[in-house]
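Subject: Structure for you to look through

Dear colleague,

I am handing over the structure we spoke of, with the sequence alongside.

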Amino acid sequence: MRVNKKSLLAVGAAAVVATLGLAACSTGSGEADEAAAAGGTLTVWVDAERVDALQAAADAYSEEKGVEVELVGKDNADIKDDFIQQVPTGKGPDITMGAHDWLGELSTNGVVAPIELGDSAADYLPVAVDASTYEGTTYMLPYAVENIAVLRNADLVPEAATSFDDMVAKGQAAGLAHPFVVEQGAEGNPYHLYPFQTAFGAPVFGTNDEGYDPTDLQLGNAGGEEFASWLGAQGKNGTGNFNTDIDGDIAKQAFLDGTAAFWLTGPWNVGAAIDGGINVAIDTVPSPTAEAAQPFAGVKGFFVSSESENKVAANDFLVNYIGTEDVQLELFEAGNILPALSAAAETASSDPIIEGFAAVGAEAVPMPAIPAMGSVWEYWGIAQAGVINGADPVATWQKLTSDVQAAISK
Amino acid sequence: MTTTVDEEVTPETSGTAPKPTKRQRQAARIADAASGGVKMLLFKLLALGIIDAIAVFAVFVLVGAGQWLVAAIVGVVAVAVNWIYFSRRKLPAKYLTPGVIFLVVFQVFVVVYTGYIAFTNYGTGHNGSQEQAVSSLMASSLERVPDSPTYGVTVVDQFGTLGLLVTDPDGQASVGTTEQPLTEVDADMEGGKAVAIDGWTTLSFADVIARTDEITELAVPFSDDPNDGAIRTPDGSSGYLYLSNLEYDEAAGTMTDLSTGTVYSDIGTGAFTSADGDELLPGWQITVGFDNFVRAVTDPRLAQPLVYVTLWTFAFALISVASTFFLGLFLAIVFNDMRMRGRKFYRIMMILPYAIPSFLSALIWAGMMNESFGFINQVLLGGASIPWLTDPLMAKVSVLIVNLWLGFPYMFLVCMGALQSIPDDIQEAATVDGAKPWAIFRLIKLPLLLVTVAPLLIASFAFNFNNFNVIYMLTDGGPRDANAPIPVGFTDLLITMVYKVAFTGQSRDYGLASAYSIIIFIIVAVISIIAFRRTKSLEELN
């Protein structure tokens, strides 16, 4: 047999191909064995900004229970849709971080599994547990409660305002033309105006024993129309305290420049205000009526996937580990939002800023997570923006109510 | 591997010139390599080896995950690729294969999948399979018995059957399995909780994790009466008493609500539905034929806005193409004039808007056009209050202005190239014949220009017809039309309106969105085909 250089090469190449192929399969099966031996892996999707805060807890859990916890940092804006799409394919995570207002959507899509908080339910802030419950079943382990409050420039106005009019008067006494700013936009921003609406006794939905009742729309009651009239009087053709041209950045700039002394916003903006050298104090939302102005509370937490093959470990990790004071405090330090666990919330409240938000949060109501809320958001802001810009308040509000009612019963 | 290797190794181009330039040498090297040098052969083998390794790995992973079809496709493609590159004759295929594979993966698959989704009810509430819907419904139907305590639980095993060793709040231990209701027993206690019992093996946490599937299913009846509920353990250490309020009858395909007695059955709509039309969600994904297309054109909420949104979409696309083209052309002619100084600098300045990502510029424009605080009103117009983005008509004008700013550099570049390719002697000849500049432009240059540019104008029309970025970032379709029953605005294009219809609020309707995108594709394709036919006549000019 005549062996030349080229056929040798060909044989060599065949060997290379085969080796690479074999190497590929051996690594493949090797990884799987390793994971199984270590007692499984929990994949957790986490808001990219909180990966570091959770890493220590995850490592400690792996150490203690022998369950690998793999944290995957994700962009907060993508988590919900990715979770809904990927869970049914079996490629989703075991646990994801999220917010309570996703609950309606997640549960309608059947991608979340119930969680049993058991006796520990009493250890959480009531608003956090309420928000984690959907149609009577708890689906979320809460870790933080977030709500808006009034940031006051204490150098300009040293004392908290007692009512909405008092706030404006105090600001004007300090020489400011428009002392109060709140984020709006061409399509309004009902989330930020909700405290004023509740002060007039007009919540969005009534409640029953399972939570918010989509069949009981309270938005358009007499209080709602009163609120609309008040809003119109504070708008473009009135005092001008509300302006749809003021968006988040403009509001922030006004507060940082000292042209506004009161800023109705959330904890996410406190850092910017303090960095801007403002002496910030946190006040409750000054009410335009005798009733308390209750903002929405947004509760952040963790969900277990309905398709998780590791439900026992997932539940154990969440309820018995993330639900402890140490871990809740660590997450608090990463985001500076009030912890959902009462004990941790108390510790965190040693900071006056957090204490201020917690005081407002005590009056907050969970933002409805029921799917009907989607129909409300669709029309709510544009109606409020219309009223601020001079549309007839009562007629606009009545049209809002009938549009929402029609969309819900569709 | 019996394949023989190409024999023609003689370099073809080396040594033809006495002193080859650098480029010639480079070309010679490439030609050498292409004709099958030993190094090239080795490289080819190594590259194919890597590809095969990846393919083998992928097949193992896919088979492991039970994806037989995809595994088969990967295998067939890998074999085909090897066959093509080891063959001596398949030269055209060697060039085409990589492109075709990428085309199939990134284009054909996406288009076919969108087409498929358009015929399903995929969306909120119809997200997965029926099996998943059933297990999700059953899981959420479990309700904890009111005022029932937390039980300490230890998972135990007897001859492969799992049981729960339950400690009630009084410290009494009892054991049971799925078949056998709880019976009181004497157990070894540790810290007030029963941890072990004779005849049973206590599972460690690692064992519990390893048998998660069985434990998730494990429900130990509290007593002989099923209405007392069953104990389940979500985390392997605490147990709770649950009652289920749904019952699934697999044979009949029905769900029964045990508290009201309502029967929900599978009536082929992708969800369990009661006699009076109430649906239990989640449902599951099914194919629905042309339902989505019918809904897309008959939706009563859309009837009124659809007309003006369609008209505005056409107006937006046509005006955008025309304005960007003529501005680009004008500037190209101006900057093509040899008498102008600093042309290179101006040209670079002109292309800048094209270099900035369009959504970024759209956001900046949105800020500049703010009525009370924007740069344009405050600084440029000295405190005017022009409602750039909030008045229905002004918003349309603003969108067109911004799109002009974003789009003209592209047309400028294209026209510049096309103008430079028109020979100067044509212009000279026309001037000698006594033609005026405008006539030269209109009768000679423009037609010649259109030969090359017309297809690009059609492409630009198709692009602007679906110009989601600019609208979404600049106005988000606003100002809102308060009279419309859906949240549509005066600057919404078809594509942004579809986005709002399919994805507003908390519902995602992927089926409907896919159907719309197919309809929009058909509109654009028909217009493009007609336009291409007409521009063919231009080609006869050359």
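I begin with a pair of strands in chain A, where β1 (residues 41-47) and β3 pair in the parallel sense over 2 bridges. Within that pairing, the bridge partner of A:Trp45 in β3(A) is A:Thr96. Please keep in mind throughout that this is a predicted model.

Strand β3(A) also pairs with β14(A), here in the antiparallel sense and over 5 bridges, and A:Thr96 takes part again, with A:Phe303 as its bridge partner in β14(A). Is β3 of chain A, which covers residues 95-99, mostly covered or mostly open? The strand is mostly covered, since 5 of its 5 residues are buried. A:Ile95, A:Met97 and A:Ala99 point one way from the strand, while A:Thr96 and A:Gly98 point the other way, and all of them are buried.

Among the contacts in chain A between residues at least 6 apart in sequence, 76% join residues at least 24 apart.

Chain A is divided into domain 1 (39-146 + 298-366) and domain 2 (148-297 + 368-409), and the centres of these two domains, taken over C-alpha atoms, are separated by 28 Å. Where they meet, 28 residues of domain 1 of chain A are in contact with 20 residues of domain 2 of chain A. On the domain 1 side of this contact, α14(A) gives the most, with 6 residues, and the residues of that side divide into 14 nonpolar, 9 polar and 5 charged.

How many residues of chain A are in contact with chain B? There are 57 of them, and they meet 59 residues of chain B. The elements of chain A that give two or more residues to this side are α1 (5-37), α4, α11 (311-322) and α15 (372-388), and α1(A) gives the most, with 13 residues. By type, the residues of the chain A side divide into 24 nonpolar, 21 polar and 12 charged.

Chain B is divided into domain 1 (22-117), domain 2 (130-280) and domain 3 (298-539), and the C-alpha centres of domain 1 of chain B and domain 2 of chain B lie 52 Å apart. In chain B, 5 strands form an open sheet with antiparallel pairing, in the order β12-β13-β14-β15-β16. Strands β12 (246-249) and β16 (279-280) of chain B stand at the edges with a single partner strand each, so one side of each is left without a neighbour in the sheet. Further in, β13 (residues 254-257) and β14 (residues 263-266) of chain B pair in the antiparallel sense over 3 bridges, and B:Tyr264 in β14(B) is the bridge partner of B:Met255.

Lastly, helix α13 of chain B (residues 392-421) has 30 residues, which at 1.5 Å a residue should span 44 Å, and its end C-alpha atoms are 43 Å apart, which agrees. This helix, α13(B), bends by about 35° at B:Gly407, and a proline, B:Pro409, follows within four residues.

With best wishes

Note on methods: Residues are numbered from 1 along each chain as its sequence is written. Chains are lettered from A and ligands numbered from 1 in the order in which they are written. This is a predicted model: local features need pLDDT of at least 70, side-chain atom pairs count only at pLDDT 80 or more; totals for chains, interfaces and linings use all residues. Domain bounds come from an automatic or database domain assignment. Two residues are in contact if their C-beta atoms, placed from the backbone, lie within 7 Å. Ala, Val, Leu, Ile, Met, Phe, Trp, Tyr, Cys and Pro count as nonpolar, Asp, Glu, Lys and Arg as charged, and the others, Gly among them, as polar. The expected span of a helix is 1.5 Å times one less than its number of residues. The bend at a residue is the angle between axes fitted to the seven residues ending there and the seven starting there. Two strands pair if DSSP finds at least two bridges between them. A residue is buried if 20 or more other C-beta atoms lie within 10 Å of its own, exposed if 12 or fewer, and partly exposed in between; C-beta atoms are placed from the backbone.
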